[in-house]
Amino acid sequence: PPPAAVPEERPFVGLADPALLAVLALTLVLQFVAWSALDGYQIADSVEYLERAHSLVRGEAMIDSVSIRPIGFSALLIPFFAVADALGLPDGRPIVWATYLLQIVLGLALVHRVARLGARLAGRNAGLVAALFVGANPLFLQYSAQAESGIAAGLCLALGLERVLER
């Protein structure tokens, strides 16, 4: 007798998918456009995350010791300040640029994970549309071009949801 039919699984959207690569490339271009449009820090959170990471590396107290934000995101930024201190960089701009690049990478990872989640739940095309919706969203673009914890939090949620759906 013929083998039993295997239920069709939702299509996988991976980095080898040209459509996903196009969405990620568009997102990257839009992120760099958003970065180039930035003039200073858009929110005080960015300054506090950077200041806390710098203070932790130097073992100094923060200028404003009344902090209301958790330390988790600042911990991601500590290596940038540690390397800059080890190299003796007198100018902090490269550190800020490096943290912006980290944020852009986290944003791209979030768009990728949204594509995978959407494909798992509703098919490949839905996953690609969901990824495009996130990657072209003005709020996402504003926050994915500066040191801010929301993008990293969204990525953590997406990764957690993926694990839940695997079960």
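## Aromatic pairs

Three aromatic pairs occur in this predicted model, where rings of Phe, Tyr and Trp (its six-membered ring) pair if their centres lie within 6.5 Å. Let's start with Phe 32 and Trp 35: their ring centres are 5.7 Å apart and their planes lie at 25°, so this pair is stacked (planes under 30 degrees apart). Both residues belong to helix α1 (residues 18-37), three residues apart, or about one turn of the helix. Phe 32 is partly exposed at 38% relative accessibility, while Trp 35 is buried at 19% (buried means under 20% relative accessible area, exposed over 50%, partly exposed in between, with a 1.4 Å probe and protein chains only). Together with Tyr 100, Phe 32 and Trp 35 form one aromatic cluster.

Tyr 49 and Phe 73 make an edge-to-face pair, with 5.1 Å between centres and 70° between planes (edge-to-face means over 60 degrees). Tyr 49 sits in helix α2 (residues 44-58) and Phe 73 in helix α3 (residues 72-87), so the pair ties together parts 24 residues apart in sequence. Both Tyr 49 and Phe 73 are buried.

## Helices α1 and α5

The axes of α1 and helix α5 (residues 124-135) come within 9 Å and cross at roughly 5°. The two helices are therefore roughly parallel (angles under 35 degrees).

On the α1 side, the contact (heavy atoms within 4.5 Å) includes Leu 20, Val 23 and Leu 26; among their counterparts in α5 are Leu 128 and Leu 132. The contact residues divide into eight nonpolar, two polar and one charged.

## Notes on the model

Residues are numbered from 1 along each chain as its sequence is written. Local features need pLDDT of at least 70 and side-chain atom pairs pLDDT 80 or more, while totals for chains, interfaces and linings use all residues, and side-chain values use heavy atoms, leaving out hydrogens and water.

How values were computed
Helices (H or I, at least four residues) and strands (E, at least two) are DSSP runs, numbered from the N terminus. Axes are lines fitted to C-alpha atoms, for helices over the stretch in contact, and angles run from 0 to 180 degrees between N-to-C directions. Angles under 35 degrees count as roughly parallel, over 145 as roughly antiparallel, 65 to 115 as roughly perpendicular and the rest as oblique. Ala, Val, Leu, Ile, Met, Phe, Trp, Tyr, Cys and Pro count as nonpolar, Asp, Glu, Lys and Arg as charged, and the others, Gly among them, as polar.
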